[in-house]
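We'll start with a charged pair and work towards the cores and pockets.

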Amino acid sequence: MPESKQNFLRIDNLTKHFGEFVAVQELSLEINDGEFICFLGPSGCGKTTLLRAIAGLDPQSSGSITQAGKDISNLPPSQRDFGIVFQSYALFPNLTVFQNVAYGLENQKIPKPEIREQVNDLLELVGMPEQTGKYPAQLSGGQQQRVALARALATSPGLLLLDEPLSALDARVRATLRLEIRSLHERLGVTTILVTHDQEEALSMADRIVVMNEGRIEQVGTPEEIYSAPASPFVADFIGVMNFLQGEITNSGKVLIGENKLDCETANIPEGSKVRVTVRPEDILCSAEDKNAANSFSVKVESVEFLGSFCRLILSAPDGFGKLMTDLSTQQVHELNVTPETTLTAVFPARSLKVFPESL
Amino acid sequence: MSTTDSIPASTVPARGASSIRIKLSRDDYALRTGLVVVISLLAILVVLPLYSLLSKSLEDMDGNFVGLQNFQEYFQTPALLTSITNSLSVAFFSAIIVLVLAFIYAYALTRTKMPFRLFFRGVALIPILAPSLLAAISLIYWFGTQGVLKSWLFGASIYGPIGVIMASCFWVFPHALMILITALSTADARLYEAAEALRTPKWRIFWTVTLPGAKYGILSTGFIVFTLVITDFGVPKVIGGNFNVLATDVYKQVVGQ
């Protein structure tokens, strides 16, 4: 059997249904060795179901999973090679930190002194060297999740599965642990799958993101690709903030929105089709004077929301555009002296516009 | 404004003194009224009868006050010690036997994929409404002097400690089972999954996850079985024969032979 380093985990046509409900539908995916992958999507999109199928905790209804060249589709969890961390930590409450981390090693019949050494190393690795004698209930959420991470890594698994590990933690702890998990991954090189509904988490941690919706993959790509070149309106809407404009293709390269025409890349969409044009808030360029550039329109500021380093403006644009969101740095807001009712010129650069057929 | 103005300066609390009082809401009043009603009911139904009972214990047959003389006499009867040991040992053995059996049963119902679980659960829980003497009577039918299965006791008599313990176990089993089912089914499924992912053998999962998780359920089941059996009158009365326990003793003291 050919085992390429490039292809550590392969999922083929995986389907999982719970009764009538189809949680994952004919999904195929390849994950490379040493990659950090995020399954990202709204709740109920099937991302956790997929993770649990990979772990064997909720076996798939059909389809196959291959790990390191071996078909693991029918194996029970105990015969697969993975470590798992849950959102609820799931530490054994009656065992100390040390005993929790040692738990998996003891199952392997490793001599005691060796276990002690390894557990201490692991706790050092996750930044918890001093707390070996405490019980989980005596630790904070962040500390518990560190111990859970050490426990999952103790048996040196080939695959690390993280099921929303940071969702129960508060924002500051989440940000620190995000960095630490990422750097842990870089040091250990273990192939990692993280399930999350938090796009910021996915964008900052993943090598590649798998965006899922209603049991299917919407897009697989690097965070950069997912953000700047969304493959579908769903991805465009789910990742970051996005403005949507309803329009119709007139002649090639032009989209009619209300009574105005926008220059943009329309690819192969036939003339006359209904389309949606997307533009990121930060891609709309606002200035005080009329620039007479392509795609420039006069807009009126409706409201200004102060968000620290930048302000979010709600603009009312010409007919057909509806309400638009744009971000200006706080400094720019002061320079342009923006208040509600101010009239600005907004430019929509053609390269920042993306056109999707309405049917998608 | 008018309310603050009307408060004289002297009643304004000193700085730092914790004298803020939250006004009582309508719910608070309802709760307090409820509490008073319940306390009066308890006083009428429990405290007063207890008082009349205990005050009688300080009098002789003709109603003259004799102090603790009755108690003195009672505690000097050698039969009392036997009754106490009998009661304690019956309750203790019943608690141990029922705990083991009910735990195995509850484990099978909650943590296995055994077929007909719903049926077995129903069958085991239905007798929860039966009075204790029913268990004793049924044992007499099976193992009594005329019983069909009398020979199964190898010559021992059902009228005595064996019968009391057997009937008590049968009677309290549903109570124990109900608590243990709850204790076992509220276990965190993630703990089992974590243990399984760490390639833990089944027996170790049982000792490190199942048992510690059901700890409080097991403890309270033990206490409940113990108190139910030690306070029960029906079973020892029906099947106890000459085997005296505290509950039957009380009956004899009050009602007579």
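Keep in mind that this is a predicted model. R182(A) makes a salt bridge with E186(A), where the closest N and O atoms are 3.1 Å apart. Both residues sit in helix α5 of chain A, four residues apart, or about one turn of the helix.

Next, hop across the chains. E193(B) and R52(A) meet through their side chains in a salt bridge, 2.4 Å from N to O. This one crosses between chains, running from helix α8 of chain B to helix α1 of chain A. With buried meaning under 20%, E193(B) counts as buried because its relative accessibility is 10%, and R52(A) does so at 11%. The pair also belongs to a network: salt bridges with shared partners join R52(A), D58(A), R190(B) and E193(B).

K47(A) pairs with E164(A), with 3.8 Å between the closest N and O atoms. Here the link is between distant parts of the chain, 117 residues apart: K47(A) is in helix α1, and E164(A) is in the loop between β7 and α5 of chain A. Both K47(A) and E164(A) are buried. Over all chains, the structure holds 16 salt bridges.

Now for the greasy parts. In soluble globular proteins, nonpolar side chains tend to be buried together. The largest nonpolar core here has 43 residues, and V101(A), L123(A), L149(A) and I209(A) touch the most other members. Helix α4 of chain A (residues 141-153) gives the most to this core, with six residues. Apart from this core lies another, of 41 residues, including F8(A), I65(A), F82(A) and L198(B).

That leaves the open space. The largest pocket holds about 1000 Å³. Its lining has 25 residues, and S57(B), N70(B), Y74(B), Q253(B) and V254(B) are the closest to its centre. Helix α12(B) gives the most to that lining, with six residues. By class, the lining splits into 11 nonpolar, eight polar and six charged residues.

The second largest pocket has about 520 Å³ of space. Among its 15 lining residues, those closest to the centre are R111(B), K113(B), Y192(B), E196(B) and K202(B). And α8(B) turns up again: this helix gives the most to the lining of the second largest pocket, with four residues.

Notes
Residues are numbered from 1 along each chain as its sequence is written. Chains are lettered from A and ligands numbered from 1 in the order in which they are written. This is a predicted model: local features need pLDDT of at least 70, side-chain atom pairs count only at pLDDT 80 or more; totals for chains, interfaces and linings use all residues. Side-chain values use heavy atoms; hydrogens and water are left out. A nonpolar core is a set of buried Ala, Val, Leu, Ile, Met, Phe, Trp, Tyr and Cys residues joined through side-chain atoms within 4.5 Å. Buried means under 20% relative accessible area, exposed over 50%, partly exposed in between (1.4 Å probe, protein chains only). Helices (H or I, at least four residues) and strands (E, at least two) are DSSP runs, numbered from the N terminus. On a 1 Å grid over the protein atoms alone, a cavity is a set of points where a 1.4 Å probe fits but cannot get out, and a pocket is an open set with protein on both sides within 12 Å along at least five of seven lines; lining residues have an atom within 4 Å of a point. Grid points are joined across faces, edges and corners, and a volume is the space filled by probe spheres set on the points. Ala, Val, Leu, Ile, Met, Phe, Trp, Tyr, Cys and Pro count as nonpolar, Asp, Glu, Lys and Arg as charged, and the others, Gly among them, as polar. A salt bridge is a side-chain nitrogen of Lys or Arg within 4 Å of a carboxyl oxygen of Asp or Glu.
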